[in-house]
Amino acid sequence: STQSTWGYYIAYRQKMGLSGSTFDLKDYPKVLEEIRMMKEPSDPSSLKKYQQWANDLINVEEYEKGLHLWRALEEKAKEAILNRELFDSVIAIEIGKITEATGEYKESIRYFKKCVAIREKIDSGKPLNIAQACNWLSRSLFEYGEYDEALKICLKGKEIREKNSAEKSLLWSSYSLLADIYRLQDKYSEALKTLVQMIPLTTDWNTVTIDSSNVGAFFVLGKTFLQNTLFSTGIKLLRRTTGYQIEKKGKSHLMTIEMRIELGIGESKENEEAALETLRAALSDMDSKEYPNHPIRGIGLLEMGSLQCKYGEEESGRNNIKLAFKILKATTGPTNVYYQRAAKIMKKIKEQIAKKCIRLYLSLIHI
């Protein structure tokens, strides 16, 4: 339930020595009313507590409530006479983050582009703010499948962070995203070259400390190793980072499910039966979510369906592939690698069905 998920999140924050949540879920209606009654906003710092509340809601996957909160602030910001553009940039990035999390990439791209444009105009003296917006925009472009544009924006943000001595966690974020883009463009040497700037290849993968600042980079490195013949090390990293994510957010969190699906894809290179079970379990946990058309589900169904067709579950496999194709076609762009893979498999399925129909027709006319 939502309340138990909320309790899990608060317990984790306390375990990690972080402060507790700034409000309880039952106070949500009061928060919305407080926004509606707010006088004409003039100081963007007045949004900070709402920003923290929205982040808490995102962390327990209450995306609809978080989005509703920021939509209310978006309406309120229209009343601002002073600092209007600054209000708009803060709100745009928060709505962009929520819509990106729920797989609405077209919408998140629209908001992040708006944020980048505003920050380039008003934050020339704060380049790290521009880099932050670039990183979010690049990630949504990447998820949608616009890899060339994502690469260009990501490099821009990374260079800004490097020139301005950004903190290590921000550099981890830039490098891991850049490496993931290279990976899906089949530029594995570039991906590794990017990651070794932060992670020496001499690292002991059994003992290295994984935390919230580097888990993404280690996960991308694991995926890159899988595609670069270093299978055992790649799987080891995927399992360690996925385990960390399960401990942090629970096994049913969307971000954790995405990692579990990627782990299943990795396992399929060595043990297809184990991979099928990993994918089944991840998708089963995702079935309880409110986002049946999330592209992550589409990717999982595509991989599971392909394996089912190999293991005597042909009808279920084909149905899952068809559903995956439908989801990915609706949520990603034509250059997305998973959509393209789904399209190729669907073409083969249609060809196989056509051949069966022809054989059946020929057998009938000879009766």
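Guide: Welcome! A helix axis here is a line fitted to C-alpha atoms over the stretch in contact, and the angle between two axes runs from 0 to 180 degrees between N-to-C directions. Please keep in mind that this is a predicted model.

Visitor: Thanks! At what angle do helix α2 and helix α4 pack, and how far apart are their axes?

Guide: In general, two packed helices are described by the angle between their axes and the distance between the axes. In this structure, α2 (residues 28-37) packs against α4 (residues 63-77) at about 10°, and the axes lie 9 Å apart. Angles under 35 degrees count as roughly parallel, and α2 and α4 are therefore roughly parallel to each other.

Visitor: Which residues of α2 and α4 meet?

Guide: From α2 come Tyr28, Val31, Leu32, Ile35 and Arg36, and they meet Lys65, His68, Leu69, Ala72, Leu73 and Lys76 of α4. Sorted by class, this contact has seven nonpolar, one polar and three charged residues.

Visitor: Let me try another pair. How are α5 and α7 oriented to each other, roughly parallel or roughly antiparallel?

Guide: Start with the angle again: helix α5 (residues 84-101) and helix α7 (residues 127-144) pack at about 25°, with 11 Å between their axes. The two are therefore roughly parallel to each other. Their crossing is left-handed. Ile93, Lys97 and Glu100 on the α5 side meet Gln132, Ala133, Trp136, Arg139, Ser140 and Glu143 on the α7 side. By class, that contact has three nonpolar, two polar and four charged residues.

Visitor: Now the core. Which residues touch the most other members of the largest nonpolar core?

Guide: This core holds 106 residues, and Tyr50, Leu69, Trp70, Leu73, Ile199, Leu221 and Ile261 touch the most other members. Helix α9 (residues 168-184) gives the most to the core, with nine residues.

Visitor: What is Trp70 in contact with, leaving aside its neighbours within four places in sequence?

Guide: Its partners are Leu47, Tyr50, Gln51, Ala54, Val90, Ile91, Glu94, Ile95 and Ile98.

Visitor: And the backbone: what is the phi of Asp186?

Guide: Most residues other than glycine have a negative phi. Asp186 has a positive phi, near 65°. This residue sits in the loop between α9 and α10 (188-195). Exposed means over 50% relative accessible area, and Asp186, at 54%, counts as exposed.

Visitor: Is Ser232 buried or exposed?

Guide: Ser232 is exposed, because its relative accessible area is 55%. Ser232 lies in helix α12 (residues 231-249). Its C-alpha atom is 9.4 Å from that of Gly222, 10 residues away along the chain.

Terms used:
Residues numbered from 1 in each chain as written. Predicted model: local features only at pLDDT ≥ 70, side-chain atom pairs only at ≥ 80, totals over all residues. Heavy atoms only, no water. Helix = DSSP H or I, 4+ residues; strand = E, 2+ residues; numbered from the N terminus. Parallel < 35°, antiparallel > 145°, perpendicular 65-115°, else oblique. Left-handed = near helix turned anticlockwise from the far one by under 90°. Contact = heavy atoms within 4.5 Å. Nonpolar A, V, L, I, M, F, W, Y, C, P; charged D, E, K, R; others polar. Core = buried A, V, L, I, M, F, W, Y, C linked by side-chain atoms within 4.5 Å. Buried < 20%, exposed > 50% of the residue type's maximum accessible area, 1.4 Å probe, protein only.
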